[in-house]
Amino acid sequence: MERLPGFRDFYPEPLPQPGLWSANARQYIFNTWRSLARRYGFHEYDGPPLEPLELFTTKSGEEIVGQLYHFTDKSERQVSLRPEMTPTLARMIAACERGYKKPFKWFALPQLFRYERQQKGRLREHFQFNADIVGEKDPAADAELIALLIDTLRSFGLTHEDFVIRLSSRNAWQVFFRHRHGAATQEYAFYQIIDKLEREAPEQSNEKLERLGFSLAEVSSFIAQGEPTAELTAILANLAARGLRDYVKVDYHVIRGLAYYTGVVFEAFDRKGEFRAIAGGGRYDNLVKLISQGRVDLPALGFGMGDVVLLELLRARALLPKFTAALDVFCLVEDENLRVEFLKVIHDLRAAGLAVDYSLTAAKPDRQFKRAQELNATYTLKLERDPAGMLLARIKNLEARQESVVLPAEVVTWLKGRQGQEGFRGDPAKA
Ligand code: HAM
């Protein structure tokens, strides 16, 4: 049985063949996302992967609606796997808004599903780091989010030479559109053309623009001028104060495909332009109101960063760490008569938080030792009896090749005492 196209299996390291997705790399990305969200004071939330279809059809816009994984369930409900997190967040906030202090600073790491054509950087499922601030109109919130986005990418080892945040504003485009008397009903259609400018042939874009009463020449000249609006100027100043100005440029090519964005929008790209967008987001000040049918009205903004492009980029720049097996102690059960005593020591070590493994069944000593090496254990531990019949534990540091002999009852204290000094590998957060 094959897995479905566009879906991934994640294997533990070391990977036995090229082209597989690494569960360790995924964990590393999740840990980094969580760690940065925490540093910026964001709180984790989650919602269901399956939602009423309607949540996405009315709010997200044509592009995503065309990619929905939707079906009718056994109770004749129209449902869809979530293609993005933002409508769920808006629904959750509208339902419990009174129970929290504002502004909300929330993040989530959902798995999302879009029936897209499989290509570089695009699959049919991906994980996304979503960070959103709800309940704050001031551009200080936009700057805070963009700073989080920049710092997240920096913490993976990427620098301003690797990526850039292209900052734009739908407000600027709205003024442009209305100033030239564009028909209000065509506004979103106009944004869609701008969104595709870089991906479509100029003649095709021009033709579409002319149908709405615009020309590619005037649109291009507006982009080239790139005059920042007041809100963008405030955001740039805020980021400059943090020393992050080099990471951002005003670029009106960016307008974002999703229908709900209302103001500042932005996307993160690799500088060389080899990859699809690493992340994208912006303001959506009307979505909570729309989803709560007018009951709750809160301004909001956020971004989503996918794991697929990020992994491609980190791999291309050789920035993924080498994932070593995370094992502190491998117990060598060389004398089967001592297995019961071994189980007690193993259990105590695990209860003390150490990562411990051993051979489940009787095996030759050299095979057991080879396994300890394969698993990259920091220590091996053997139990043995001295000539007087006293039970002793022989602990060996495989790297330093140093042996110590201690009483079994002292093994935990002895190893814990070394944990700080020698840097054990058992804690996946440190892997
Ligand atoms: P989005 O631009 O559709 O925004 O997706 C954000 C990021 O998710 C993209 O830049 C890309 O890295 C990744 N991504 C999207 N689709 C795929 C795919 N098929 N395969 C792999 N990666 C993908 C949103 O989803 C908004 N809801 C983000 C947001 C949060 N806006 C406000 N808050």
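Reader: How many positive and negative side chains does the chain have, and how far apart do the centres of the two sets lie?

Author: This is a predicted model, in which local features need pLDDT of at least 70 and side-chain atom pairs count only at pLDDT 80 or more, while totals for chains, interfaces and linings use all residues. Residues are numbered from 1 along each chain as its sequence is written, and side-chain values use heavy atoms, with hydrogens and water left out. Lys and Arg count as positive and Asp and Glu as negative, without His and the chain ends, and each charge is placed at NZ of Lys, CZ of Arg, CG of Asp or CD of Glu. The chain has 59 positive and 58 negative side chains, and the two centres are separated by 2 Å.

Reader: Is Tyr-284 buried or exposed?

Author: Tyr-284 is in the loop that joins strand 13 (279–283) to helix 11 (287–291); helices (H or I, at least four residues) and strands (E, at least two) are DSSP runs, numbered from the N terminus. Leaving aside residues up to four places away in sequence, Tyr-284 touches several residues, including Thr-86, Asp-132 and Tyr-261, where contact means heavy atoms within 4.5 Å. Buried means under 20% relative accessible area, exposed over 50% and partly exposed in between, with a 1.4 Å probe and protein chains only. Because the relative accessible area of Tyr-284 is 1%, this residue is buried.

Reader: Why is the pair of Phe-177 and Phe-214 classed as it is?

Author: A search of the whole structure gives 31 aromatic pairs. Rings of Phe, Tyr and Trp (its six-membered ring) pair if their centres lie within 6.5 Å, with planes under 30 degrees apart stacked, over 60 edge-to-face and the rest tilted. The ring centres of Phe-177 and Phe-214 are 5.4 Å apart and their planes meet at 20°, so the pair is stacked.

Reader: Which parts of the chain does this pair of Phe-177 and Phe-214 link?

Author: Both Phe-177 and Phe-214 are buried. The two residues are 37 residues apart, and the pair links helix 6 (residues 170–179), which holds Phe-177, with the loop between helix 8 (202–211) and helix 9 (216–225), which holds Phe-214.

Reader: Which residue lies over the face of Phe-10?

Author: Phe-10 belongs to a cluster linked by ring pairs, with Trp-21 and Phe-30 among its members. A charge sits over a ring if NZ of Lys or CZ of Arg is within 6 Å of the ring centre and within 35 degrees of the ring normal. At 4.5 Å from the ring centre of Phe-10, the residue over its face is Arg-26.
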